[in-house]
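Here is a short briefing on one chain. Keep the sequence and the 3D view open while you read.

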Amino acid sequence: MIEAFIHSPILLLFVVTALGYWIGSIRIRGSKLGVAAVLFVGLLFGALDPALQVPEIISFLGLTIFVYTVGLQSGPGFFRNIQKHGLRDVSFVILMLTLSASIAIGLHYLFGFKASTTAGLFAGVTTNTPALAGLLDAISNKYVGTMGDQLSKEAVVGYSISYPMGVIGVMMAIALMEKWLKIDYGEEQKILRKEHPIQQDMKNTVIRITSDRFAHTPIRDLIKKHQWEVVFGRLLHNGGTSLVSWDTTLREGDLIKAVANRDELDQIISLLGEEAPEELMTGDPTYETARIFVSNP
């Protein structure tokens with residue numbers, strides 16, 4: 001099998017990619033490695049036999065596509081964040097890189113690493129594959145022949161040692177911080193829902209008003225008092241249909257259409273009355289409904 005991979009680097013590439021993608025999709029206690037698992041599988045195969053290699057052009061092509069697609073995905077958000085929190089974010093990045101570089105330099109002198117290995121360690125611990133590519137390019141431009149090959153291998157070894165910890169270490173740190181800070185994602189979601197349109201379990205239903213205690217309280221006051229995140233639609237009152245406005249008041253026997261997060265809607269129903277089994281005003285010719293797909297950013 002090893003011989004087959006040595007003589008067919010394309011087969012090796014696809015096997016490593018397929019295995020890595022599969023392993024990366026496995027969840028362990030809610031976490032998964034994702035595409036980073038492809039690198040780990042590659043490291044495993046590389047440790048089996050030094051002759052297991054892919055053509056250099058594939059490495060550079062993969063890196064080019066990686067950097068390009070990351071730019072496409074993260075570019076718009078990057079520039080938005082720079083405009084909003086540029087100084088804070090740039091300061092944090094500089095602090096993070098300075099701390100990582102300081103640790104790498106400390107390890108360099110503590111264990112007597114070679115400069116190429118230390119540079120690879122620094123690129124790996126920050127999980128920065130383009131930085132490794134830049135390092136290898138700098139080595140190949142300055143050194144040729146056996147010396148260049150040796151320095152490149154040392155840099156890759158340093159990167160391979162630190163990259164797994166750069167991924168797994170972050171996951172472990174997040175898990176520890178969650179426990180230490182007692183993070184409750186359910187509560188965080190409720191708080192964020194007031195400011196951001198995060199994913200919600202939406203429900204739309206009809207509520208039957210079962211008392212007259214809201215007869216003198218406009219909808220606007222009810223929403224403001226209870227801090228509801230809800231949209232009220234049509235109202236059926238005394239056989240007549242109307243759209244709900246801020247000044248609408250609710251009487252016993254009214255039917256009102258409501259759309260909200262499922263948990264919040266349960267609270268609204270318990271306060272106003274009961275959930276009605278019937279669909280409200282389907283096919284009413286007085287009003288038009290339309291589905292709109294938002295395509296303009």
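The model is predicted. Elsewhere, helix H4 crosses both H6 and H5. Two residues that are not glycine, Thr127 and Asn238, have a positive phi.

**Strand pairs**

- E1 (residues 202-209) pairs with E4 (residues 255-261) over 7 bridges, in the antiparallel sense. Within this pair, Val206 has Lys257 of E4 as its bridge partner.
- E1 also pairs with E5 (residues 273-276), again antiparallel, over 4 bridges. Here Ile207 has Glu275 of E5 as its bridge partner.
- In a regular strand, side chains alternate between the two faces of the sheet.
- E2 and E3 run antiparallel and are joined by 4 bridges. Leu235 stands opposite Ser242, which lies in E3.

**H4 against H6**

- Two packed helices are described by the angle between their axes and the distance between the axes.
- H4 covers residues 56-111. The axes of H4 and H6 come within 10 Å and cross at roughly 140 degrees.
- The crossing of H4 past H6 is left-handed.
- From H4, the contact uses Leu63, Phe66 and Val67. From H6, Thr129, Pro130 and Ala133 meet them.
- By class, this contact has 5 nonpolar residues, 1 polar residue and no charged ones.

**H4 against H5**

- The axes of H4 and H5 also come within 10 Å, and they cross at roughly 145 degrees.
- This crossing is right-handed.
- H4 contributes Leu97, Ser100, Ala101, Ala104 and His108. H5 contributes Ala115, Thr118 and Phe122.
- By class, the contact has 5 nonpolar and 3 polar residues, with no charged residues.

**Around H5**

- Thr118 is found in H5. With a relative accessibility of 10%, Thr118 counts as buried, because the cut-off is under 20%.
- Beyond its neighbours within four places in sequence, Thr118 is in contact with Ala104, His108 and Phe113.
- Lys114 is found in the loop between H4 and H5. Leaving aside neighbours within four places in sequence, Lys114 is in contact with His108 and Glu154.
- Lys114 and Asp89 are 25 residues apart along the chain. Their C-alpha atoms are separated by 32 Å.

- Ser162 is placed in helix H7 (residues 145-181). Its relative accessibility is 7%, so Ser162 counts as buried.
- Apart from neighbours within four places in sequence, Ser162 is in contact with Gly120, Leu121, Gly124 and Val125.

- Most residues other than glycine have a negative phi.
- Thr127 is not a glycine, yet its phi is positive, at about 45 degrees. Thr127 is found in the loop between H5 (115-125) and H6 (129-142).
- Thr127 has 34% relative accessibility and therefore counts as partly exposed.
- Asn238 also is not a glycine and has a positive phi, of about 50 degrees. Its place is in the loop between E2 (230-237) and E3 (240-243).
- Asn238 is exposed, because its relative accessible area of 73% is over 50%.

Terms used: Residues are numbered from 1 along each chain as its sequence is written. This is a predicted model: local features need pLDDT of at least 70, side-chain atom pairs count only at pLDDT 80 or more; totals for chains, interfaces and linings use all residues. Side-chain values use heavy atoms; hydrogens and water are left out. Helices (H or I, at least four residues) and strands (E, at least two) are DSSP runs, numbered from the N terminus. Buried means under 20% relative accessible area, exposed over 50%, partly exposed in between (1.4 Å probe, protein chains only). Contact means heavy atoms within 4.5 Å. Two strands pair if DSSP finds at least two bridges between them. Axes are lines fitted to C-alpha atoms, for helices over the stretch in contact, and angles run from 0 to 180 degrees between N-to-C directions. A crossing is left-handed if the near helix is turned anticlockwise from the far one by less than a right angle, and right-handed if clockwise. Ala, Val, Leu, Ile, Met, Phe, Trp, Tyr, Cys and Pro count as nonpolar, Asp, Glu, Lys and Arg as charged, and the others, Gly among them, as polar.
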